[in-house]
Amino acid sequence: MTQIFHPSFNTISKVTIFGAVFFLGGGLWLTAEVNRSGYVTNEGVVREQPVHFSHKHHVQGLGIDCRYCHTSVEVSSSAGMPSTKTCMTCHSLVWTNAELLELVRDSYRTDDSIEWTRVHDLPDYAYFDHSIHVKKGVGCTTCHGQVDGMPLMWQENSLQMEWCLECHREPELFVRPREHVFDMDWQPAEEQAALGARLVEEYDIQSLTNCSTCHR
Amino acid sequence: MTDRAPTVDPGPAPGASPAGEEFIAPGHSLESVTDKISHLVLTRRTPRGWWIGFAISFLLAMLLVPSVGVLLAKGTGVWGLNVPVGWAFAIINFVWWIGIGHAGTLISAILLLLRQEWRTSINRFAEAMTLFAVTCAGLYPLLHMGRPWLFYWLLPYPNTMGTWPQFRSPLVWDVFAVTTYATVSALFWYVGLIPDFATLRDRAKSLPFKRVYGILALGWRGAARHWDRYETAYLLLAGLATPLVVSVHTVVSFDFAAGIVPGWHATIFPPYFVAGAIFAGFAMVLTLAIPLRQFYDLGDFITRRHLENMGKVLLATGLIVAYGYAMEFFFGWYSGSEYEHSMLSNRLSGPYRNYFFALMVCNVLAPQLLWIKRCRTHMGWLFLVAMFVNVGMWLERFVIVVVSLSRDFLPSSWDLYEPTKWDWGLYVGTIGLFLTLIFLFIRFLPVISIFEMRTLAPQSSEGNGDEADEAADREGGAS
């Protein structure tokens, strides 16, 4: 009887069968990694904007408070994007002829909004409210990172559900006193665990992990 | 080399038991058994009947294209299910198919461990039936999700949502039960096929077929060491599969029993479902075996004795199922709960009463024919009873699911369920898929285990020659 397989087939079949285990394992690991990377989440990715607005310059350099522009953050679900008029409160007086700001002045003249690229975009099936987080002592930097050090805006965290749940499951590890919510450089003066436990008590912070807390 | 029979497990020589002769017709030698079964696969001429049957099955299976396409495009709203009947065809057909699969596992695993020789000629296609039935069953929960591409959310893995499946839900147990079942069934089937693949490899005429069967045979040469390992692996797999016969349908029954809906919340559900599954499975084995035996002239291997045995199993499990129905009524009545009482009267006289009475005819009355030996051994009667049971087991799930859900605790939310054309399309489509797979199986794989049938050959050709005696010496139970 003639041979139907070359002798090398023995090795090939052993390698493929044994190798498949590693191939599948590696594939699963790679998928998990890619799903958590900036390619998928946009975490750490600097987004191109129509006007090169620098939070670093305005916050760190000039000391403008977050709420000067994001006016509704304490009372509404949305922190609010400033209108062109907010920009023009200063820029009608300073840098009035800067080429960089031509688009801003144009928007002011025509009354058409500047079309910013949204950096933090939660999916529509997730309900999120800024005001309650601010009231319960979640600082801006806890979620948004050191915005005062960002020349152009990026997303500091993944915004994936497991990230939300980190805090929702153990809020005491993240909360700070209300009066320091807008501080860019706040550090706990004592052990965070002790402070957090006290604040959780004081602000009546619940660990809300029910599905319908966010998926209503 | 592949003509060597398995060598472990020395038991009483099968030739010694006169009753065994009825499991294979007289006059067969090792070679004639191999020739006959492998010829079905290796013949160049595909029988006309095969083409006709395959074409019809394939056309039915093609119903899946519009049924699944429209479902995915528009969502589960195209089905008739809605509040309060939120589970209808999707789960009825799932349970029906899963149940059918159980006979294959019972035949291959439990009957193997109990050394029931007669399983030899029916285990291969019963296992294939199991595998294909599980395939069809799996489609339903996947499609009912609406977004089947997210099915992996059912599995516990470190996902980006930071959550685990709800381990307290029987539906999650179902995922484990059914995936384990599918995996073990596939392995069992494949391992059992390896020696036969080698036979086909050695007998195939064309090189591509030699190659394909050769790869599938995994280098099987029929060495004593191969047989030894094979026997160990097969026994281990049988041991693994045995609890699955009981556990899978038990878990499926928990889907209902763990709910508080009247008509579901009963402790008898697990054993009653398992018996029902074996009942349904044997009916399907008969449904496939009888035509297969007729058209391919396999009466020598699938003898009347086999069919009679299966008829007996059908009767016994049918009686257990009938007992289950009786107990459902007894417990309902004995509970004293007005909801249970209303559920029972709803079954008997509600809008779906015809389904209930049809169920009684199919599952309780029809199998009683099998008390008569002439019916148990007559192909036509057996086939008829099996068909009744196939329909009856579907009706049973319909009655359990739809009748209970359509009238639950709140009369204001009562509503009737009416399947739409897409419900039927998917159901008929899966039947088509099942039959298509069966037809392909019949054409490309040995429907009866060649090497296991060879172990029966000595009793067929007893005293005919040296070869048979030699084999009988080596050979033990029908493993």
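**Two helices in chain B**

Biologist: Is the crossing of H5(B) and H9(B) left-handed or right-handed?

Modeller: The crossing of H5(B) and H9(B) is right-handed. A crossing is right-handed if the near helix is turned clockwise from the far one by less than a right angle, and left-handed if anticlockwise. Helices (H or I, at least four residues) and strands (E, at least two) are DSSP runs, numbered from the N terminus. This is a predicted model, where local features need pLDDT of at least 70, side-chain atom pairs count only at pLDDT 80 or more, and totals for chains, interfaces and linings use all residues. Residues are numbered from 1 along each chain as its sequence is written, while chains are lettered from A and ligands numbered from 1 in the order in which they are written.

Biologist: At what angle do the axes of H5 and H9 of chain B cross?

Modeller: Two packed helices are described by the angle between their axes and the distance between the axes. Here the axes of H5 (residues 123-144) and H9 (residues 269-295) of chain B cross at roughly 125 degrees and come within 10 Å. Axes are lines fitted to C-alpha atoms, for helices over the stretch in contact, with angles from 0 to 180 degrees between N-to-C directions.

Biologist: Which residues make the contact?

Modeller: H5(B) brings Phe125(B), Ala126(B) and Met129(B), and H9(B) brings Met284(B), Val285(B), Leu288(B) and Leu292(B). Contact is C-beta atoms, placed from the backbone, within 7 Å.

Biologist: How many strands has chain B?

Modeller: Chain B has zero strands and 18 helices.

Methods: Contact = placed C-beta atoms within 7 Å.
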